[in-house]
Amino acid sequence: MKEILHTLVVLTAIVAIFASCDDTQTYAEQKEYENSCISRFLAGNSNVNTRAIKVISEADFKAQGETTDTAKNEYVLFSSTGVYMQIIDKGCGEKLKNGESADVLCRFTEYNINGDSLQLSNRGSFLYSTWVDKMSVRNSSGTFSASFSEGLMYNCYSSASVPSGWLIPLTYINLGRPASADERIAHVRLIVPHGQGQAYATSSVYACYYDITYERGQ
């Protein structure tokens with residue numbers, strides 16, 4: 001099963017690689033192509049995203065209470081990382097406190113933006129829906145660190161390393177476990193450039209779009 005999973009992801013990544021570069025293409029040219037793919041995605045010209053995204057600044061994001069208007073399809077751009085984030089639901093519970101560590105359970109869908117295709121998912125009725133990703137997270141004075149201990153990402157990429165882009169929402173969302181039908185877990189969407197992504201994205205210079213939920217582990 002693990003070998004099949006690796007093969008599927010590698011094949012998807014190869015599509016992106018052949019679409020974006022040849023043997024003579026420089027890293028700068030690969031980055032330029034990645035940026036053009038992200039721009040196309042933001043414009044809604046993608047199989048994955050057919051609705052134009054309204055990009056807001058960090059200042060606007062803070063001014064409106066660190067929220068994004070989903071009716072306007074708003075995403076905040078974090079200029080220092082190039083990551084775009086939309087908060088669907090901040091979730092129940094509370095934020096991870098300074099000095100606190102917790103296990104966090106994540107379900108996600110990963111789309112290869114350069115390849116304009118679904119790459120991996122453990123959400124809904126997908127094949128790997130039972131492979132919930134578990135990561136150990138620590139907040140050290142507002143800086144989050146994390147490592148996977150099990151799950152789809154852990155098995156697929158054979159690494160405990162958590163994409164840096166996945167940690168950005170932890171500053172703004174709550175981590176809890178619903179105790180009633182009215183409570184929901186945190187839910188965000190991310191556009192993650194290669195430098196903030198998983199190992200394959202980093203090495204092959206492609207961006208990923210994620211739809212992720214975060215839930216405090218037991």
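Student: Leaving aside neighbours within four places in sequence, with which residues is Ile-212 in contact?

Tutor: Contact is taken as heavy atoms within 4.5 Å. In this predicted model, Ile-212 touches Cys-106, Arg-107, Phe-108 and Trp-166, and also Ala-186, His-187, Val-188 and Leu-190.

Student: Which residues have the most contacts inside the largest nonpolar core?

Tutor: A nonpolar core joins buried nonpolar residues through side-chain atoms. Here the largest has 40 residues, and those with the most contacts inside it are Ile-212, Trp-166, Leu-190, Tyr-210 and Tyr-214. A second, separate core of 11 residues includes Cys-37, Phe-41, Tyr-84 and Ile-191.

Student: How is strand S8 joined to strands S3 and S9?

Tutor: Pairing is read from bridges between strands. S8 and S9 (residues 208–216) run antiparallel and are joined by seven bridges; Arg-189, for instance, has Asp-211 in S9 as its bridge partner. Five bridges join S8 to S3 (residues 83–89), again antiparallel, with Tyr-84 partnered by Ile-191 of S8.

Student: Why is S8 described as largely enclosed by the rest of the structure?

Tutor: Burial means under 20% relative accessible area. Six of the seven residues of S8 (residues 186–192) are buried, so the strand is largely enclosed.

Student: What do the values for the whole chain show?

Tutor: The chain has six helices and nine strands, and 47% of its 218 residues are buried. Of the contacts between residues at least 6 apart in sequence, 62% join residues at least 24 apart.

Notes. Residues are numbered from 1 along each chain as its sequence is written. This is a predicted model: local features need pLDDT of at least 70, side-chain atom pairs count only at pLDDT 80 or more; totals for chains, interfaces and linings use all residues. Side-chain values use heavy atoms; hydrogens and water are left out. Buried means under 20% relative accessible area, exposed over 50%, partly exposed in between (1.4 Å probe, protein chains only). Helices (H or I, at least four residues) and strands (E, at least two) are DSSP runs, numbered from the N terminus. Two strands pair if DSSP finds at least two bridges between them. A nonpolar core is a set of buried Ala, Val, Leu, Ile, Met, Phe, Trp, Tyr and Cys residues joined through side-chain atoms within 4.5 Å.
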